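Keep the viewer open as you read.

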Amino acid sequence: TCTRTCTRSPTSSFPPLFPAHCKVSERMHPVICCLSKGSGVFLRSANATPIRRRHVNVANVTRASIERRESSRSDAAEVFASAARQIGFTLLISAVVVSSADATVQDAHHILDIAGLEANPVTNARALLRNSLPITNKSIREVQRKLESISDDLRVPGVRFTGVEASLAGASKVLNNDSIKILASVAPDKMEDGKAALAELQQQLEDFKVVVAQKDKQEVPLAQQRALSLVSRIEEDMVNEFPFQIPAPYDRGPLLKGRATVELEVKVKDNVNVDSGVMTIVLDGYNAPVTAGNFADLVDRGFYDGMDIQRSDGFVIQSGKPAGKGLDGFVDPVTKQERTIPLEIMASKDKSGVPVYEFTFEDVGRYRDEPVLPFNAFGTLAMARREAEPNSASSQFFFLLKESELTPSGTNILDGRYAVFGYVVEGQELLREIKAGDVIKSVRIVDGSENLKNKSRDVAQPLLSEEVQRTRESERSDFL
């Protein structure tokens, strides 16, 4: 995202223009796509080299489809531009079109279906949630890293069992040698569960070794996920208390001080493949307590039950806009005002340990910072807001339909600008079936409801400064 070299303001009537060379990342972008509502401008660098990307094997890509892509590399960018214009961006979207020898964009979503990739720490939802836990125990992180690295061996045709065996042996060694160090980081009130999970993990790794010895290709990824699930359990047990003090006035509204699991059921209309389905979502209050708390509170109120899916355009699935003329978000019955929350994004490697509030990373000059919760996974959950006002999120949310070659991890314009607060961890395939007009039958908190504080049944308090509230009242524009 070449924000530093912008020649026009992102809020200007004409879309900002950027040179092909990015002075922020010091890399050449092969395609830079400037988008605004109703218009699109493309700049191409003739000798540009692609940005770093994930190299994967795509089993279902035919030679014919590859040859078609080679004849027109701009097709993917045009499709992306059309979708983005429908969303109504006034911000720059950087679309990277890679060499067709790697994969076709139509088949990019099939990549996530390959069993081995389900543990990829870059794009896998559960891995992202593990990485975002506020813990510092190096031993358990090393076990996690070794088990996740098995995915690299699963991508090799036929599975590289020597690599799986080496990673498994390394994880077992760390676990056995450092068990005391691992338990030393477990919260006192969770020690019993921590010990049980550690014992289960040790046994699971022994069972895993048998699977590897038998060269069972189908069972390896399943055994890997069982082991990583236990790693997640141990790491969650290490969180002793909420990691930071939420600054005033943001601490007055609904807060999620921890994590919560939500089940969202959708009624799918006119679809021969599916009639209804359920997605399991993990809300991360450790890194977005205000944003996740706002959503969890609306779920607790039953606000989303019976609401239509309002947008499904191949790029995002969006809902949350209440019925009623002139309404963009949830109107608090106590204050009779639309309840809004500040933009809230936790930066990785931030020594303060507190999210950036009310401003995008670009606004505060943090061009190189990466969010702890990035837009990396298919089914990333984030809040929608008015384009020109970061602090206007209320009840509208969206799921990103992640296509790895069009919205590459760490280089898309959403990171640092929109607040991610959760990921779909089960039932992601339902997102490919949902369309506008389908109905959210229900949304329920099935675990972690005790972490929801300051429910809206309490007297509502303003979450933003008076100046920010006055600014927002004077600005009304479209949502993402």
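This is a predicted model: local features need pLDDT of at least 70, side-chain atom pairs count only at pLDDT 80 or more; totals for chains, interfaces and linings use all residues.

Residues are numbered from 1 along each chain as its sequence is written, and side-chain values use heavy atoms, with hydrogens and water left out.

Is Arg-259 buried or exposed? With a relative accessible area of 12%, Arg-259 is buried, since buried means under 20% relative accessible area, exposed over 50% and partly exposed in between (1.4 Å probe, protein chains only). Leaving aside residues up to four places away in sequence, Arg-259 touches a set of residues including Leu-129, Glu-236, Asp-284, Tyr-286 and Asn-451, where contact means heavy atoms within 4.5 Å. Arg-259 and Phe-421 are 162 residues apart in sequence, yet their C-alpha atoms are 10.0 Å apart in space.

Phe-421 brings us to the rings, as ring pairs link Phe-421 into a cluster with Phe-295, Phe-303, Tyr-304, Phe-330, Phe-397 and Phe-399. Rings of Phe, Tyr and Trp (its six-membered ring) pair if their centres lie within 6.5 Å; planes under 30 degrees apart count as stacked, over 60 as edge-to-face and the rest as tilted. By this rule the count comes to 11 aromatic pairs. One of them joins Phe-242 and Phe-244, a tilted pair at 4.9 Å centre to centre with 50° between the planes. Phe-242 counts as buried at 18% relative accessibility, and Phe-244 does at 9%. The rings of Phe-375 and Phe-398 have planes at 5° and centres 6.1 Å apart, so this pair is stacked. Phe-375 sits in the loop between strand 11 (356–357) and strand 12 (380–383), and Phe-398 in strand 13 (residues 397–400), so the pair links distant parts of the chain, 23 residues apart.

Now turn to the helices. Helix 5 (residues 138–148) and helix 10 (residues 219–237) pack with their axes 10 Å apart, at an angle of about 160°. That makes the two helices roughly antiparallel. Among the residues that meet, Ile-140, Val-143 and Leu-147 belong to helix 5, and Ala-227, Leu-228 and Val-231 to helix 10. Axes here are lines fitted to C-alpha atoms, for helices over the stretch in contact, and angles run from 0 to 180 degrees between N-to-C directions; under 35 degrees counts as roughly parallel, over 145 as roughly antiparallel, 65 to 115 as roughly perpendicular and the rest as oblique.

Technical notes:
Helices (H or I, at least four residues) and strands (E, at least two) are DSSP runs, numbered from the N terminus.
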